[in-house]
Every structure is written in structure tokens, then in C-alpha cells.
Amino acid sequence: MVLEEEIPKFSAWIGPALLWYLFAGSLIVVIVAALAWLVQSTLYGPLVAGDRVYRGLLAGLGDCAGISLRRIWALSRLAIQESLRRNVLVVLGLFALIVLFAGWFLDPTSVNPGKLYLGFMLTATSLLVCLVTLVLSVFSLPADIRSKAIQTVVTKPVRSAEIVLGRMIGFSIVGTVLLALMGTTGWAFIVRSVNHRHEIAAEDVLENRADDGTTAGWEGRTSFDRGHRHRIDLKPDGSGRTDSTQGHRHDVRAVTAGDATTSRPIAYAVGSPVGLLESRKPLRGTLRFLDRGGRPSTKGISVGAEWSYRQYIEGGTLAAAIWTFDGIAEREFANGLPLEMIVRVFRTHKGEIEKGITGSVRVRNPISGLQSDPFYFTAKEFTIDAINIPRTLAVTSVDGGTRQVDLFTDIVAAGRVEVILQCLQPAQYYGIAQADFYLRAGNGSFAINYAKSCLGIWFSMLLVTAIGVMFSTFLAGPVALLATLSILLIGQFREFIQRLFESQVTGDATIAPGGGPIESLYRIVTQTSITLDLDPTVAVQSIKTIDTFLLAPMRLGAGIFPSLSALGTADFLAGGFDIPLDLLAENGMETLGYLLAFFVAGAFCLKAREVAS
Amino acid sequence: MSLPDHPQRVLSVQLGAAKTKKGFWLGLHSETLVALVLIAAMLVPLSALSQPADSSSPGGYLARLRTQFGLSQANLGEIDPTSETIRLATLGLKNIAVTLLWDRANHYKKVEDWTNLSATLEQMIKLQPNFYSIWDFQAHNLSYNISVEFDDYHDRYAWVMKGIEFLRQGIAFNQREPRLLGRMGWFIGHKIGKADEKKQYRRLFKADDDFHDRDRPGRTLPERDNWLVAREKYLGAQQLADSGVPLRTTALIFHGEPMMTAINYARSLEQDGTFGPALRDAWTLAGDEMRRYSVREIPTSWDVPIRLGLREAELTRAEQMAAEIEQLLPGQFQALEKLQRESLTTEQENALQTAAIDRTEAEQKMVAQAEATLKVTWPMVASAAPADLRNAAKKLAARYVEAEETAEMIDRYRDIVNYNFWRATCEAEVTEPALRARETAWRAEQEFQNAQLQAAKKSYEESFAAWREVLDAAPVLRADELTAEELAELIARYRMVLEQLDEKLPTPFILQDILDRTSTVAQ
Amino acid sequence: MHAGTSEKKDSHASNLRDVVVEARNLSKTYRDFWGRSKKVALKPLDLEIRRGEIFGLLGPNGSGKTTTLKLLLGLIFPTSGEALVFGRDATDVSKNERIGYLPEESYLYKFLDAEETLDFYGRLFGLPPQERKRRGDALIKMVGLDRDKKRQLKEYSKGMTRRIGVAQALINDPELVLLDEPTSGLDPIGTREMKDLIIDLKQRGKTVILCSHLLADVEDVCDRIAVLHQGELKELGRVADLLRVTGVTQIRVNGLPTQAHDEIRALLTRYGGEDIEFGNPTTTLEELFLEVVRDTEARPGRRARSIAVGAGSQTNGPADAPRHD
């Protein structure tokens with residue numbers, strides 16, 4: 001899977017994050033207070049305004065102190081009851097329909113149906129859950145205000161903070177229940193969907209005979225099921241496996257009537273798919289490079305790809321990619337290092353079309369520099385290849401002699417080891433990224449991983465609910481709905497807006513071509529390509545200036561608003577990797593931060609509002 | 001005070017000005033009214049625009065446009081309920097959704113996420129199933145751009161086939177779009193048959209049961225050649241175009257494809273080392289296709305369709321017309337020529353007499369005038385005819401001009417597709433010497449690679465001899481650069497063989513003319 | 001300005017504890033989005049309501065009585081002046097602990113049943129479960145919804161909705177009860193029961209503020225009333241004072257035979273009595289009310305002073321208010 005940014009350790013992340021949060025929070029409070037004071041000043045003059053703002057802030061704090069859990073729970077219960085009354089459970093039926101008709105949308109011939117199904121299921125779950133809680137949260141408070149039921153509530157000793165929090169919690173509970181049900185169904189659907197078998201017809205299998213006429217094995221193919229088939233290769237004893245297609249393989253065993261080694265197989269047993277729905281727990285290292293002359297370098301070579309995620313090393317030279325793995329304990333890797341890797345290939349000449357590009361992997365002691373003899377492999381792109389570095393390694397010394405060393409006594413030093421990758425064919429290149437090599441430290445359960453992914457959806461749902469409730473404190477239902485969607489949309493285009501702004505300010509069109517909103521409109525109307533520079537006429541200059549002013553608040557918004565897709569962890573799940581707890585914890589903290597902010601904003605807005613005008 | 005049990009008396013005070021403000025009409029606000037009127041007004045042009053067609057009327061403007069361009073859903077091809085559902089679900093934002101999806105597809109391609117890329121394409125075509133460019137562009141993306149990202153040729157082949165299958169889907173949705181069938185033919189022919197991996201691709205394609213079962217069950221192994229399958233596709237496309245479906249591409253090239261695939265098929269057989277009857281059959285097929293192409297009516301930009309093969313016939317017709325005029329007005333042509341010559345001034349005469357390189361600028365001008373004067377055409381002859389014959393003569397002259405012009409037009413169109421060369425190829429390659437020349441050349445190359453020098457030398461010489469016969473019989477090939485270069489390569493290897501045998505190229509060399517020409521080119 | 005303003009200040013200090021509700025110069029102007037005045041809902045109002053009083057706010061629709069009530073409850077914020085409840089600002093949430101409020105149309109959650117409704121509001125007061133159950137049962141019994149307590153409120157008739165509304169207003173055993181149109185939608189029996197309840201509340205020492213345009217309610221139960229029209233306070237005082245018709249003597253007798261009429265008439269005539277009438281008295285309050293309205297419309301902006309009921313009743317104010325200590 002692609003991991004463009006390293007996931008920091010939670011312990012290292014939390015400190016700066018909290019500081020930043022406090023800083024941003026105080027800044028916002030100051031800005032809001034200043035704005036409120038300005039508005040009030042125009043109405044009542046600066047002194048009264050100051051007094052009002054001060055009292056308002058004080059009352060807000062007082063409200064927080066008076067918050068009662070019992071009341072919050074009462075209001076949450078009410079929200080849940082309201083949801084049930086609105087037949088929110090209908091959405092479960094909708095989900096069931098989606099699951100039933102998922103086949104319409106999903107292409108079983110896809111390169112990796114497991115990934116596709118997972119992506120689909122998680123998207124459907126997330127969309128439905130978020131949509132339901134969004135609609136609930138956005139329409140609830142305005143409906144109460146319209147029906148005036150709110151008047152009966154606020155004339156009880158209820159703080160606006162409690163009303164807001166009660167709603168947030170209530171709808172979140174509804175969302176949580178929905179999510180739990182959908183998550184379980186979705187998980188069952190996926191497990192059932194990707195699981196399949198193949199048949200092997202006798203006429204599709206050919207026997208390989210060795211020179212002496214004995215059976216050297218069987219070769220053939222499976223039946224065509226779910227949009228794919230496998231090639232099979234059986235050993236003389238009748239056991240073997242298929243090739244890897246659509247991200248999985250099967251174990252195959254020939255069933256013979258009598259002795260397996262002498263009689264012809266009468267049937268073949270094909271096992272369940274292997275390699276789908278895994279949950280690898282990787283131990284990742286840090287990557288550095290050696291250039292073709294063997295000199296250290298921070299980067300590899302670019303082969304001109306637009307995406308600079310992978311760096312390339314030249315084959316047949318001293319160029320190498322070196323990963324340093326830390327924290328390797330002998331008891332964890334008692335049988336050696338299970339190295340897994342994805343290596344991209346870039347050919348500068350066709351070479352031998354029918355043969356892959358070979359490379360080598362060695363392990364080295366980072367302190368003594370003692371390194372093992374190479375392990376050779378042929379690059380398989382886009383699929384995970386595995387090399388097991390055994391406990392006992394051969395080491396060739398300068399004089400040509402070979403001796404055996406132990407991985408942990410001689411190579412791993414203080415829990416650290418280096419893995420060196422080289423491409424062996426001249427003028428051909430290997431492309432790698434830091435996340436492409438890792439030690440498989442263990443296997444998690446797919447079900448738990450799926451649950452973790454649902455936790456990501458849960459965070460999104462909480463955010464959506466909170467934003468919805470926050471807007472519903474001062475906007476009418478449909479407007480609040482649109483406002484929430486806008487916020488989420490801006491969050492979705494967070495990076496794009498940031499790049500656009502940067503491009504606008506620096507004047508460097510390569511960062512994000514096309515300019516701001518007015519310039520884009522101008523280009524659409526005049527049918528000017530986004531890559532074309534506009535003549536710097538007065539009109540164009542003023543358009544750019546206005547755009548900068550328009551982009552500035554968008555940039556600010558993009559920095560503040562949450563990005564739901566950033567909370568998504570579907571990539572891990574689909575890629576077959578365990579979702580790191582650090583990531584979950586960080587996402588959780590971020591969500592919590594946002595929740596707090598939206599809660600405070602909502603409570604403040606409701607308090608400042610006349611609920612019975 | 002009393003507490004009587006009287007019924008409640010509810011106080012209701014008339015609130016002064018009740019709701020009788022002006023601007024109210026039928027209980028509606030004036031704004032509402034204006035909006036309603038505007039909406040109603042807008043519905044009028046809308047109905048004119050989008051009234052659906054039925055048996056009694058051709059419908060509104062859009063409906064008529066749809067009929068005109070064959071765009072109505074029922075005409076286009078398969079209607080997919082999913083596609084319809086998804087399109088409805090976008091609530092009219094279909095095009096925006098497609099734009100976003102296109103953008104995402106580009107992103108997925110950039111970050112090499114092939115699974116999501118395919119899924120995105122799938123969604124995109126569900127939204128716009130009748131948009132030719134999406135099918136064409138994205139199929140090309142799959143077969144040409146993504147396939148090469150993989151290192152294993154099996155993977156590459158799989159992606160090439162994905163592009164082809166993508167087109168198959170497109171064809172199902174657009175049964176009246178010959179271009180898509182044409183693209184499929186192109187992919188199957190050229191991507192599989194001309195890529196660097198053509199050897200592997202052609203092998204895999206032949207063995208691809210899944211494809212052939214889907215495409216046309218019962219296809220025999222020899223028929224599974226990619227070029228033959230491509231030809232099938234082109235023939236299907238041609239048939240579709242002939243059924244009256246608008247062909248939105250250049251007919252001249254489009255109709256030449258069956259011939260080209262047949263030729264490529266034969267060439268591929270030669271490269272594979274398949275000779276004998278199989279190859280002769282292949283070239284016979286190519287010849288048949290060539291003849292079919294020759295007599296096919298091709299629309300031109302002059303509104304008059306032409307047939308590529310009829311140039312010679314048109315010229316003959318022109319000659320015939322000339323002869324008929326001559327018969328009608330014997331000696332008139334020469335007489336007119338003579339008359340014109342006599343009308344030349346002495347300066348013009350002198351200028352004409354001067355050798356071309358010695359002429360001054362003034363003389364050159366005069367020569368040009370003189371030549372224009374001297375040019376006599378049959379219409380001129382007809383115009384000058386006596387009154388009783390003039391009408392008949394003029395008719396004949398007009399037919400002469402028509403034949404001449406058609407021939408010229410055919411000539412121009414022939415140049416565009418290199419028709420003369422391909423016709424000569426088809427005619428020549430099927431002959432026994434040509435088949436022999438190819439087979440021996442292939443054998444020679446094999447022997448050369450296996451270092452069987454004497455055998456190679458002999459084979460080369462046999463091939464050259466056969467080639468001599470071919471070239472002598474086909475002047476077009478003799479003049480062709482590509483053929484010459486191909487032969488030059490053979491000769492170069494023949495020379496290497498000779499060098500290793502310590503021999504010299506025999507003089508005169510049997511293909512000396514070719515050698516001379518290519519060496520000039522090389523210099 | 002109201003005539004009682006100057007007196008109020010003195011009494012304020014001495015009766016601080018007894019003043020439950022106080023409005024000082026309280027006004028409300030509704031503004032549109034741009035902050036322009038749209039409607040003056042309440043012109044500056046001064047008011048004091050004391051412990052144990054039943055205070056009636058009277059006025060036609062749109063007269064500002066509900067606005068006043070909402071200001072007192074903190075549902076809307078005053079444009080100027082202040083509203084104090086139990087000596088605290090009306091927007092202070094903690095005052096609600098001691099308040100019961102019955103909104104105009106019992107704005108309750110229709111998807112809850114009676115028990116759930118009372119349980120919900122009980123929770124909002126932080127009542128422990130057993131207490132909620134006990135009070136809920138008692139109140140349901142009191143308002144006579146025992147048989148319908150498991151039905152959702154959306155199935156309730158208007159009268160039943162009022163009853164459950166009353167029950168929720170009393171769930172916290174409030175010291176101050178604000179009733180907005182308490183008898184609207186009730187049948188005569190229901191109206192009567194409501195009035196009995198109000199009087200019962202008073203007897204238990206509660207303060208009741210009610211607003212109504214149903215004059216009979218106000219007349220029968222209120223100690224004092226304020227008459228509002230077009231956002232302005234027009235009358236304020238003890239109901240008895242306001243309604244006292246000086247110069248006219250009313251005699252009510254039970255079981256008097258008709259033949260006695262002539263004798264009595266003769267007796268009265270002898271003492272100089274004029275315009276002697278026999279029969280049921282009309283609702284004098286209604287007359288008063290209509291008088292106020294007519295007067296205001298004939299001479300806008302002027303306070304109705306010399307109306308038929310006599311000038312003597314006009315000097316009223318908190319000082320004249322009845323005490324129920």
C-alpha cells in the first residue's frame with residue numbers, strides 16, 4: 001500500500017498537537033470575542049459592548065460549570081427517541097438493499113476485487129451512517145424551535161450547552177448503533193463475497209515428465225470463476241499452489257485413487273483464497289539511498305514519473321536502497337526476518353521480455369558492517385513478495401571464504417539491522433518507497449482490522465453529527481444541511497485549496513495551475529487552457545488580486561475544517577495492512593478536538609439566540 | 001360578585017387593517033404571482049425544445065436532433081438499469097459528476113492505483129454510456145498507457161485485454177457506433193500485433209479461451225490470429241456503416257482497414273515462419289480485400305463518390321471519348337493546335353526555341369504564355385466545331401473532362417492511403433516467386449542466426465533470385481523505399497555471411513539496382 | 001410611564017424577598033435581519049409581582065402579554081431594561097429550578113407518551129428516579145390522564161394536551177408558575193378545573209402569572225391584573241378595585257319569591273334609589289376591557305383614565321396588592 005507520509009508515534013505527536021490546539025483555540029476565542037465586541041459596539045457603544053461580551057464569556061463559563069450529566073442524558077435519550085420515531089432504522093433496509101445489489105456496481109474481473117469490495121462497503125457504510133446522522137442532527141433543533149417544543153425545554157434548568165451536547169450524544173449513539181449493525185453486515189458480506197473456489201477439469205491439466213519418464217509435476221489452469229482463473233503448478237507429490245491473480249492464490253492438491261506418486265490424479269482439490277483480507281502487522285524502517293557511485297544520497301533517481309512517491313535505483317551499479325529497521329527482538333523473530341516487499345521496475349530497454357528484472361537483498365550489521373550473502377529475487381510489481389531471511393546466514397569474507405553466522409548474534413546490533421536492496425541488471429531500474437519494504441512482525445485479525453476501519457467511520461460520523469448540530473443552533477434545517485455539506489466539501493478539497501492559495505501567492509503556476517475562482521471562470525468563458533499563462537493585462541492583474549483575497553478565507557477555512565477522507569483508513573484495510581493504533585489514536589484525538597470546538601461553538605450560538613422569537 | 005356559569009366569551013379584536021393590502025390577488029403575494037407567470041412563460045419554449053417524439057409528431061427540437069443524429073436511447077444500444085439508476089441519482093449533475101470522476105481517474109492513474117482506476121472508469125461510463133470519446137480515450141489508457149506500467153508481459157497482456165473488453169462494453173451500449181468496433185479492431189490488430197511484445201501477445205491471444213469464448217464461440221485456432229479477429233471487427237464495423245449508420249470518421253481510411261489487417265496477417269505469418277499454403281491463402285485473402293476495397297464506393301469532399309480501383313477505367317473512358325470526338329471531327333484537334341502555333345509571335349517562337357536553361361526572365365514569361373496558347377483541349381475543339389456537330393461534340397467533351405477529373409481525384413485519394421503500393425503488394429506477394437522469396441529469406445535469417453553460414457548463403461541467394469523475379473514483375477515495388485530498405489537489410493546480413501566465409505559480394509549483384517538506390521539514400 | 005413607578009422603588013427595598021418578578025423599564029423591539037426595527041412588541045414596562053399573588057396579564061392577541069411572559073422566562077432578550085425573576089436576571093438558567101411554565105399550546109414532544117414526558121422533564125430537573133416516578137404518577141392522576149398515560153401525545157385531544165402541559169409545568173413543584181392561556185382549548189369543565197387548580201396553587205403559597213384573552217379566567221382567579229394593548233400597559237391593579245362600580249349597589253339573594261320584588265322596589269324607591277333592576281349581572285370585566293380597547297383606538301397614545309368604572313380605582317400599584325403570606 002501507499003504510505004505517503006509516515007505515521008508519527010502517538011507519544012511524539014500528542015504534545016505538539018495539544019499545544020497547537022490550545023493556541024488555535026485561544027486564537028479563535030479571542031477573534032470571536034473581538035468580533036462580538038465590534039458588532040455590539042455599533043449597537044450599544046464600546047463600553048456596554050465590552051460589558052456584554054465580558055458577561056457573555058463569564059456566563060458561558062458558568063454554564064459549563066453547571067452542566068449536569070443527568071440532563072445531558074435525558075436530552076440524549078430524547079434525541080434517540082426522536083430518531084426512532086423518524087424511522088431512522090429504515091436506513092438499515094436501504095443498506096440491506098445496497099448489499100443485495102452490490103453486484104451491480106462491482107466488477108468481479110477487477111484487478112483486486114477484495115480491495116474493490118472493501119472500498120465499496122466502507123464507502124456505503126460511511127455515507128449512509130454519516131448521511132443519516134447528518135439529517136437527524138441538522139433538522140432536529142430547528143424543528144424543535146419551529147414547533148416551539150424548545151420553549152418548554154429551555155424554561156427548565158437546562159443549559160444550552162446541555163441541549164447541544166445532548167443532541168450530539170444522542171444522534172451519535174443512533175449512528176453508533178447503525179454503524180455497528182452495518183459494519184457487521186458489511187464484514188460478513190465481504191468475507192462471503194471474496195471467498196470462492198475454483199474447479200480444475202482434468203483436461204485443463206498437463207503432466208510434466210522428467211527426462212527419465214517419471215512425473216515431474218502437473219501444469220494447467222483452474223476454471224474461470226468470478227472473472228478470473230489461475231495457472232496451477234503441482235509438484236510430483238500432487239501438492240502445489242496457483243499463481244497470484246486478483247491479489248490472491250489458492251492451495252491445490254491432486255486427489256489420486258492410489259499412491260500419490262505413481263497414479264494419475266483423478267480430481268483436484270482447490271482451497272480457499274489465500275492472501276485476501278489479511279491484516280499484516282509491519283515493522284517499518286527508514287530508507288536511505290546510495291547513488292551509482294556508492295555515495296550516500298537522500299534520494300534515488302527520478303524516472304520522470306509525475307508522482308514522486310517512488311525513487312529509483314539503477315541496476316548493475318553500486319546504487320542501493322538501504323532500510324534501517326529498529327526494535328528487532330529475537331523472541332519476536334525467532335525464525336528469521338520475514339521481509340516483504342513491493343518493487344517497481346523501470347526498463348530503459350526492453351531486455352528480455354519474458355524475464356523479469358532480478359535484484360538482490362542483503363542484511364547488514366549497522367555497526368560492524370558485516371553483511372550477509374545476497375538473496376536473489378525477481379521483481380513482481382504491485383504484489384507483495386516475500387523473502388525470509390533465515391537465522392543462519394552465509395557470509396563471504398574478502399578472501400572468498402564462506403562462513404555461517406547467526407542473524408541475531410552477528411547481524412542484528414542493538415535491535416537494529418540494515419537491509420540493502422540492489423538491482424542487478426544494467427540500465428534497468430528498481431523503484432521503491434520507504435513503505436515498500438517491511439518486516440512482517442505478525443498477523444492481526446481481519447475482523448478486528450475491519451472494526452478499526454469502522455472506528456474511522458465512527459470518527460467521521462461524530463464529526464458530521466457535531467457540525468450538523470452546531471449549525472442547527474442558528475440556521476434553519478436545510479440551510480444547516482447545506483452548510484455542513486459545504487464544510488465537509490471544503491475539508492475534502494483541503495489540500496487543493498492550500499495548493500491553490502500557495503500558487504496564487506507565490507505566482508508559481510506549477511503548484512496548482514488555473515488560478516482562483518474568478519480566473520478560472522475567465523478561463524472557462526474564454527476557453528483558455530489552465531496551463532496557458534494569461535497576458536498580464538490590467539484586467540488579468542486585478543482578477544488575480546481579487547482572487548487572492550477570495551482565496552485567503554478559503555485557505556483559512558481549509559486549514560480549520562476537518563477532512564473526513566483524512567480519517568479514512570480504508571487504504572490499510574484494502575492493502576491488507578493492520579491499521580496502526582497510533583494512527584487511530586491520532587485521528588481520535590483530532591476528532592475529539594474538533595468535537596470540542598464544534599460543541600463550544602454550538603452551545604455559544606444557541607445561548608446567544610432567542611429561541612422564541 | 002357573581003360567578004355565573006355563562007359560556008366563555010372570547011374577545012376578538014379586529015386588528016385594524018386586515019389582510020387587504022394591495023398586491024394580493026387570489027390570495028397570492030404579487031411576488032409569487034410574478035414567479036408563477038415567469039415559470040409558465042419559461043415552460044413554453046421548454047415544451048418546444050423538449051417535447052418527446054411520438055407516432056404523430058416528430059417532437060420538439062431536441063427530439064428531432066436526437067432522431068437526426070441517432071441519439072435516442074432506444075437507438076443507441078443496450079440500456080443498463082444500473083446506468084440509468086446512477087444517472088437519475090445524480091439529479092441532473094451528471095456532467096459535473098463525470099468531470100470529477102475523470103479527474104479522479106487521472107489521479108488514480110498518477111498514483112498507480114489500478115483497482116480504483118478501473119472502478120472509476122466503470123462509474124464514469126455508467127454515467128455517460130453514449131459518449132464515444134470516453135470509451136476511446138479510456139480504453140486507450142488501459143491498453144496502451146497502463147499496460148506498459150507492468151513489467152511482466154502476462155500483466156501487460158491482461159491490461160491490453162482490459163482495454164479491449166472496455167471497448168466491448170462500449171459497443172454493447174452503442175450498437176450504432178462503427179467507430180468503436182473499428183477501435184476494437186485496431187487494438188486487437190495493432191496493440192497485440194505490433195507491440196514490442198507482439199510475439200508473446202499473439203501467443204497469449206491465441207490461447208485466450210476466455211476472450212474468444214466471449215467474443216465468438218467456436219472460433220477455430222487458426223482463426224484466433226489477432227489480425228484475423230481484428231479483420232472480423234473491421235468487417236462488422238463496415239457492415240454497420242453500410243446499414244446506413246452515420247460514420248463519423250474518414251471513410252477512405254476506415255474502409256481500407258480490412259485490407260490492411262489482411263496484409264498484416266500475412267506479414268505476421270511470414271514473421272512467425274509460417275509459409276506454404278497458409279501464407280498463400282493469407283495473401284489471397286489480402287488480395288480479395290484489396291479488390292473489395294478497390295470497388296467500394298468512397299465518399300469524397302466533392303460529393304461525387306469514387307472507387308479507388310477505377311482510375312484506369314476512367315482513363316480508358318477518357319481516351320474513348322477523345323477518340324469519338326476525333327471521329328466526329330477528324331483532324332480538328334491537330335488543326336487547332338496548328339492554328340494556335342501559328343498565332344504565336346516571333347518572340348514567343350524564339351523563346352520556345354531557346355534551350356530552357358538559357359532563357360532570360362522575359363523569355364521564360366513568354367514561354368509560359370506560349371505554352372498556355374498552345375494547349376489545346378477537347379472542349380476547345382468541340383467549341384470550334386461546325387454548328388451542326390457542335391452540340392454532340394460538346395457532350396462528348398464534357399464526358400471526357402469528367403472522366404479525366406475523376407481519374408485525377410482517384411489518384412489523389414490513392415496517394416493518401418498509399419493504395420498503389422498496397423495493391424502492388426497484394427498482387428505481387430501472392431505469386432509463387434514472392435512466396436518463395438519470403439520463405440527462403442526467413443530460412444536464411446534462421447540459418448544465419450544459427451551460424452549455418454553455407455546454408456544461409458545459399459538461402460539468401462535463392463531469396464535474392466526470387467526477389468529479382470518479384471521486382472521485375474512489380475515496378476511499384478521496385479520503386480518502393482521500404483521494400484528497398486528491407487532488402488538492403490537482407491543484403492547486409494548476406495554480406496556478413498560472405499565476409500565470414502571470406503567471400504566478396506558477386507558483381508554484378510543480382511539486386512544491384514536496389515543496392516545502388518539504398519546506398520545513395522544512406523549517403 | 002406608569003403611575004406606580006415612584007411608589008414601587010420604596011416598596012422594592014422593603015419587600016425584596018417578597019418580590020418574585022420584577023420588570024424594570026422592560027421593552028422589546030423585534031428587528032429584521034439588518035437590525036431595523038420591525039415591530040415594537042413591548043413598550044417600556046415596570047412591573048412587580050409578589051409572592052403568593054395570582055397575576056393576570058390581559059390583552060388582545062398581539063398586545064404584548066406573551067412577549068412579556070417570554071421576557072420573564074428568558075426565552076427572548078430585552079431590547080432595553082431588565083427582567084428579574086427571584087432577583088436574578090431572567091436569562092439566568094438557574095431560576096428555572098423554581099419555575100413552572102405552561103406554554104400557550106403545550107409545546108411538547110408528540111412522540112412521547114404522558115409518562116415519558118413527565119419523566120423527561122423530571123430528568124431535566126435532576127430528580128432522582130423514584131421521585132420522578134412518584135411525582136409523575138401523582139400529577140398524571142391529578143390532571144386525570146391516568147387511563148391515557150401510555151398513549152403518545154400526538155393522539156391526545158387539545159384538552160388532554162393542556163392537562164399534560166400543566167402536569168409538566170408542576171413536575172418540579174415550582175414556586176412560580178407561568179401559565180400562557182391556561183384555559184384555551186378546554187371545555188367548560190376543564191376550564192373550571194383549571195381555575196380550581198390555579199386557586200389551589202395560590203393556597204399552597206405559589207405565585208401564579210397567567211396571561212389570557214379569556215376574560216372570565218382572569219376575572220375569576222386573579223388577584224391583580226395588567227391590561228396590555230399594542231405593547232403598552234393600560235391598566236394595572238386589583239381586580240376587585242378595577243371592577244368596583246361606585247354609585248351602584250348590587251344585592252344578591254337566594255330563593256327570593258317574585259312577589260317580593262315589588263315590595264323591595266318600593267323600599268328602594270323610598271330611599272331614593274334609581275334605575276332599579278332585577279336579573280343576572282353581566283360580565284363587567286368584559287365591559288371594562290372593551291372600554292379600554294375602544295378608548296385606545298379612538299385616542300391613540302392616550303391612557304384611558306375617566307372610564308365608567310370611576311377614577312377611584314385608578315390609583316393602584318404594588319402597594320395595593322393583596323398579601324397572602
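In this predicted model, Ala451(B) is an exposed residue, with 10 other C-beta atoms within 10 Å; a residue counts as exposed if 12 or fewer such atoms lie within that distance. The backbone of Ala451(B) has a phi near 60 degrees, a positive value in a residue other than glycine. The residue is placed in the loop between helix H23 (432-449) and helix H24 (453-473) of chain B. Most residues other than glycine have a negative phi, and most peptide bonds are trans.

The bond from Thr507(B) to Pro508(B) is cis, and its omega is near -10 degrees. Pro508(B) belongs to the loop that lies between helix H26 (481-500) and helix H27 (512-522) of chain B. The secondary structure of the chain as a whole comprises 27 helices and two strands. Of its 523 residues, 32% count as buried, the criterion being 20 or more other C-beta atoms within 10 Å. Among the contacts in chain B with a separation of 6 or more, 63% are between residues 24 or more positions apart.

Chain A also contains an alanine with a positive phi. The value for Ala414(A), which is not a glycine, is about 50 degrees. Ala414(A) is located in the loop between helix H8 (407-411) and strand S19 (417-423) of chain A. This residue is exposed, with 10 other C-beta atoms within 10 Å.

Several strands of chain A are paired. An open sheet is formed by four strands in the order S7-S21-S12-S16 (chain A), with antiparallel pairing. Strand S7 (280-284) and strand S16 (385-389) of chain A are its edge strands, each of which pairs on one side only. On average, and with direction ignored, neighbouring strands of this sheet are turned by 40 degrees against each other. Within the sheet, strand S12 (residues 337-341) of chain A is joined to S16(A) by five bridges, and the two run antiparallel. Met341(A) has Asp385(A) as its bridge partner in S16(A). Strands of a sheet pair through backbone hydrogen bonds, either parallel or antiparallel.

Further antiparallel pairing in chain A involves strand S5 (residues 251-256), which is linked to strand S4 (residues 239-242) over three bridges. In this pairing, Ser239(A) is opposite Arg253(A) of S5(A). S5(A) also pairs with strand S6 (residues 265-270) of chain A, in the antiparallel sense and over five bridges. Here Ala254(A) is opposite Tyr268(A) of S6(A).

The contact between chains A and B was examined next. Chain A contributes 21 residues and chain B contributes 17 residues. On the side of chain A that touches chain B, helix H4 (90-105) and helix H5 (113-147) of chain A each supply at least two residues. H5(A) gives the most to this side, with three residues. By class, the side of chain A that touches chain B consists of 11 nonpolar, four polar and six charged residues.

Chain A is also in contact with chain C, where 25 residues of chain C meet 25 residues of chain A. Helix H2 (65-73), strand S6 (99-102) and helix H3 (114-124) of chain C each supply at least two residues of the side of chain C that touches chain A. H3(C) provides the largest share of that side, four residues. The side of chain C that touches chain A divides into 18 nonpolar, four polar and three charged residues.

Within chain C, the domain assignment gives domain 1 (5-86 + 175-320) and domain 2 (111-172). The contact between them takes six residues from domain 1 of chain C and five residues from domain 2 of chain C. On the side of domain 1 of chain C that touches domain 2 of chain C, three residues are nonpolar, two are polar and one is charged. As for helix H9 (residues 260-270) of chain C, the number of buried residues among its 11 is zero, so this helix lies largely in the open. Just after H9(C), Gly272(C) adopts a positive phi of about 90 degrees.

Conventions. Residues are numbered from 1 along each chain as its sequence is written. Chains are lettered from A and ligands numbered from 1 in the order in which they are written. This is a predicted model: local features need pLDDT of at least 70, side-chain atom pairs count only at pLDDT 80 or more; totals for chains, interfaces and linings use all residues. Two residues are in contact if their C-beta atoms, placed from the backbone, lie within 7 Å. Ala, Val, Leu, Ile, Met, Phe, Trp, Tyr, Cys and Pro count as nonpolar, Asp, Glu, Lys and Arg as charged, and the others, Gly among them, as polar. Two strands pair if DSSP finds at least two bridges between them. Axes are lines fitted to C-alpha atoms, for helices over the stretch in contact, and angles run from 0 to 180 degrees between N-to-C directions. Domain bounds come from an automatic or database domain assignment.
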